[in-house]
Every structure is written in C-alpha cells, then in structure tokens.
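This report goes through a two-chain model, chain by chain. The sequence and structure come before the text.

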Amino acid sequence: MGVNIAKLTQRTDLWPWLLLTPLAVYMAIFFVVPLADVAIMSFTEPSPTLSNYERVLTGGLYLRTFLNTFVTAITVTLCCLFVGYPLAYLMASSKPRTAMLILLLVTMSFWTSFLVRTYAWMVLLGNNGPVVWLLQTIGMERPPQLLFTRFSSTLAMVHILAPYMIMNIYSVMRKIDPTLIRSAESLGARGFSLFRHVYLPLTAPGIANGSVLVFVICLGFYVTPVLLGSPREQMIAGLIGNQIDEFLAFGMGSAMAMVLLVVTLAILAIYHRRFGLDKLWG
Amino acid sequence: MTNIRNRTPGFLVSDRRTFLKGAGAAMAGTLAMPYIARAQDNTLYINTWGGPWEEAARAHLFDPFTAATDIQVRTVSPVSFAKLAQQTRTGVYEFDITTLGGAELVRANQAGIIETLAEPYPGGLFQNGVASHAFATVISWRTDKFPEGPKNWADFWDVERFPGARSLQRYAARVLPIALLADGVEVKDLYPLDVERAFASLDRIKEHIRVWWTAGSQSTQILRDGEVDLIGIWHGRHYEAEAAGAPVAMTWNQGEIDRAYWVVAKGTPNADNAKAFIQFATGGKPLAGFATQADYGPLNPAANEFISEEDARRMPTSPENYKQTFEQDMVNFGGDPAQIAERFEEWVAS
C-alpha cells in the first residue's frame, strides 16, 4: 500500500506543472514580453545609452520622489497593520453573525470608487468641514490644518488599503485551532507572553501576506497623495505617468519603472531573508 | 469598447524596435482578426474624454455625422497621448481620431505620429491639427472673501491687498506664462518665456499656494468648499462651482487660452472617414452646439452665428471676451518643455 502511494506520487509529479502551462503561456505573453519591452526601452529610447538611468539616479527630483514613495508605502503598511490587526482579532473572536457584520462594514468601502472616497476625505477634513468644526466647538481656537498634509493623505490611503490587511489577517486567525491556545494556557502562558510566543507566530502568515499586498499596491498609488497630501508628496507612479503621457518619453518612464521594480524586489528579498516570504502560503 | 484593430501585422513592418514589439503586435493582431472586417465597415473610432464631454460630442458631432454619412462612430476613452504614439509604433489601432492640446500637438507633429491634414476653414490648421474649441485658465475668487476681486495676475500675486489661500494648476506650461504676467511682462513680450524670471516670480507666491491642483474636479471642489479664496481655474470648472451655488466670480482679463485640435492617427486605415469627420465636426453648426453644451468656445468663427448672446458671454472665444485673453505659443516656448516641467516639479516639491 505504501509502495503504491509512492509510485502514484511519482507518476503525478509532472501533472501540476502541465496544468500550469496555460497560465505560464499567458503570463509569458502578457507579462514577461511587455516587461522585457519596458526593460529594453529604458536603455534604447530615445537612443541606445544609459542616459535615462543617469538622469533618474542623479536627478534630485527622482531620488527624492523614490524615497518619498517608499517612505509613504512603509508608513501606510504599518498603519494598516496597527489598525487592522486588532480589528481582525475582534472579528475572529466574535460570534459569526457579529463577525459577518464587521466584515460587511470593512468591505463596504470597496463598493465605492476610491476617487469618491478621496474626495469624501477632502470634504471631511477641509477648513469648513465637520472635523474642524468639531475641534472649534470643543474649544480649540485655531484647529491645525488637516487637509493637504501628510496626515490627510496617509489617513485616506490607510482607509483605502486597510481592508486588504484585515481580510488577510482575519482569514488566518479564523483557522487557528483554539486548542493550541488552551494548551499554551495550561502550560502556564499568560497575557502578553501567550500573545508573543503563541498567537503572534500563528498569525504571522496573515501579517506577511497583508503587509506585502498593501505595500506593493501602495507603491503604485499617486492620485490620493497628490489630491490630499502636501505638494511635497509626489509619488513615482505620478512622474512615470507624466513622462509617458505628456512628453512621450517612453525611455525615461521605463527607466523609472525598472528602478522601482528592482528596488521593490530588493526590499522584498530583504524582507524574505528576515521573515520568510514562504509564510505567505502558510 | 476597446476593440483593437489591426492594420499591418507587426512582424512585416521594419520597426526599429526589436522582434519583441513585433511579436506582441502579431499576437494582438491574431487576437483582433475578427475586427479587421469591421474596420472597413464604415466605423470610425474616436478617442474621447468620456462623461459630459462625450455626451455633448455624441449629441452634436457623432450622431449628426452618422445621420449625414452613414459612418458609425465608436468611442474609446480617456484621451491618451501615449496611446496615440504607441499605435503608430505597433500598427495596432484602437482609435483613428483624438484631440490634443497645443503642446502635445507640436510634439506629435515633430514625432510624425499624425496624418497631414488640409485647412478646413481659414486659419483652422496648425501643425496638422484642426483647431476645434478652446478653454481658458481664468482668475476666480470667493466673493464672500473679496467682494471686489483681483483684475489681473499681478493682483492675484498681491497677497497684501488680497490675503488668503490660493491655488494654481500643477502644470508648468500654463503656470510659467501666468507668473511672468504677474511680474509685469506684457503679453506681446511673453514668448519665448524668460524661465528664470518666471521662477523668481513664482518664488514670491509659493508659500501662499495652499494646493497645486492636478485634476479639474479637484479645482471645482476646493473652490466650492472655500479651501482656497483665489484660484487659477479653467473657465468651465468655475461655472461648475457657480452652478453649485458657491459665491464665486471670475474675470476674463488675462485669461490664458488653451486650444484643442482634432488629429488623425498616422497610418490608420480609416484616414478618409476621419478627415471627413473632422471637416464635419469643425463646421459652424455642430461645433456651436458642442461648444455650448460642453462649456468651451468654438475656434471656427463660423460657429458664432449659431450661438446666442447669453451663451457667448460664457465663452473665451466670443469677440468681447477674446480680446481680454491671451494665447499660448508652443512653437516659440523658450526651452524644452519636458526639462522645464521637471524643474517645475522639483521647485514645487522643495
């Protein structure tokens, strides 16, 4: 019997790969080829030199924008984690009906276009908006400027991206076997120690998954920071768009895209060495 | 909506880009085969801004054109200059016609990505684009803050007489001429732009610009909400805030005109139909209807006789308003627009 199973496994070893072929072909045509084209354009447009990279890597504007893009993405990811983790825990430890209700509230914001949500924040945080009015009513004479600051853009991006974090963490928390927690308790783990040594490691795949997702999506954002943030908050995706759609500078835009890709992969590689991205798959 | 139609299989074209591009185009071509028949089937594909713009174009340009010629019009949005360029490179056409602003038109004509056109009405042709309609960037202000508003850009820059938060568009080619006017340069001496002087003038106003707007709807929103007291805004967007009940006023004086031009994608199999459409769409009556509904000013003077006096008052191109405004000069700009834009972005962010 045992021999049979071993044989069967060996024979079906190729099967998963064969099943992957359609996807692999699809990805090769619609992802690898265009990406290679972008890579080539970054070296050859308008003429075959390294001048695009020279401009991207020495121009103050581009370096500052890259830095700002990554700082923003990391800040938003951390905020989403701090907001999302407790909420996911609340959902995982509530009765199914309550959990469903919270899940509904969390995903409801997905039903509205993110542009509409961005404009909604503009109204809420504005000089004549309800938040400033409330601050004035409770006695603050000169409420701080909320709109067009890093605060307002970060708040809006966290609002837009938090559901990705929450759903990822929640799906992992829900599957945690409660007997593990009880065993830990019976062995004397209490409070923070229980959380630190048992619960947190068990939810790590959800944290890793949610963080990578939020981080990567945030790297490509540019409308929200430009609409709500301070003038200093340009994101690299915005500059890439300008280069291509305004100046037809495909080479320059491609070079920026390649730098973004390489730096992102480098960050994920460091993250992988430190935390292990394979946790993504539990 | 985004039917990709094929002209020449990419691998037959001696493209200076490599086989990758060819392979991609060939693949797209194979996928698009069913549409080749449709391409010769008297259908014109037009790139539009969507929304109210397309509604107005549908009512006054597309449907009447179909009624007159039996050529169907399909639309692809939003307007994309980059796509226009890519179409010529790959030989795969998603649209035959699009509109461009002056700066893009000059670039497109240099790059050879648009068809040669004939003059449809006297003065209507520029760099192989047919002038259709115009909007103006005007000074608009909150009347609850200033019953008597600024009269020109120098007043807009005067933070002592008009204290308050301001906004301008985050767009170098439009902002630099305005900064020079504010610094006392005469309209006739504006081009080529004195870029150094323009940035020196911008330095004076920088800390009073609360936000550099990037989207038309954003400019309406911040004016309506009173986020800013003064704004350099497209005239149609000003009227939108006014229609929403905001206490706002504007002046045509020193309004900065932007022209929109129809162009035909180079090498499209539909070039003849496309040219016929442009001839039709810039004719007096259709253009008058479109410009009135979409809050533009028609550039073919023949359209003026179809426009009521009341509507004409809202247009930058009506004789009364036009003489107060000024035009941009993209041929004689005063430097490489891409480099100036880069410097402007750097200046805004620092």
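## A bent helix and its surroundings

In chain A, helix H8 bends by about 45° at A:Leu161, and a proline, A:Pro163, follows within four residues. The bend at a residue is the angle between axes fitted to the seven residues ending there and the seven starting there. H8 of chain A covers residues 150-174, 25 residues in total, and reaches 34 Å from its first C-alpha to its last, close to the 36 Å expected at 1.5 Å a residue. That expected span is 1.5 Å times one less than the number of residues in the helix. Helices (H or I, at least four residues) and strands (E, at least two) are DSSP runs, numbered from the N terminus.

This is a predicted model, in which local features need pLDDT of at least 70, side-chain atom pairs count only at pLDDT 80 or more, and totals for chains, interfaces and linings use all residues. Residues are numbered from 1 along each chain as its sequence is written, while chains are lettered from A and ligands numbered from 1 in the order in which they are written.

Chain A has 13 helices and zero strands. Its radius of gyration is 24 Å, well over the 19 Å that the globule rule gives for 282 residues, so chain A is more spread out than a compact globule. The radius is taken over C-alpha atoms, and the rule is 2.2 Å times the number of residues to the power 0.38. Along its principal axes the C-alpha trace of chain A spans about 70 × 65 × 35 Å. Of the 282 residues, 30% count as buried, that is, with 20 or more other C-beta atoms, placed from the backbone, within 10 Å of their own.

## Domains and contacts

Domain bounds come from an automatic or database domain assignment. For chain A this gives domain 1 (1-44) and domain 2 (59-281), with 31 Å between their centres, taken over C-alpha atoms. Their contact takes five residues from domain 1 and six residues from domain 2; two residues are in contact if their C-beta atoms, placed from the backbone, lie within 7 Å.

Chain B is divided into domain 1 (5-133 + 259-318) and domain 2 (136-257 + 325-349). Seven residues of domain 1 of chain B are in contact with 13 residues of domain 2 of chain B.

Between the chains, the contact takes 28 residues from chain B and 28 residues from chain A. On the side of chain B that touches chain A, helix H15 of chain B gives the most, with six residues.

## Backbone features in loops

Most residues other than glycine have a negative phi, and most peptide bonds are trans.

| Cis peptide bond | Omega |
|---|---|
| A:Glu45 to A:Pro46 | near -5° |
| B:Tyr191 to B:Pro192 | about -5° |

A:Pro46 lies in the loop between helix H2 (15-44) and helix H3 (51-58) of chain A. B:Pro192 is found in the loop between helix H7 (172-182) and helix H8 (195-205) of chain B.

A:Phe148, a residue other than glycine, has a positive phi, near 60°. With 26 C-beta neighbours inside 10 Å, A:Phe148 counts as buried. B:Asp295 also has a positive phi, near 60°, and lies in the loop between helix H12 (284-294) and strand E12 (297-298) of chain B. B:Asp295 is buried, with 21 other C-beta atoms within 10 Å.

Notes:
A residue is buried if 20 or more other C-beta atoms lie within 10 Å of its own, exposed if 12 or fewer, and partly exposed in between; C-beta atoms are placed from the backbone.
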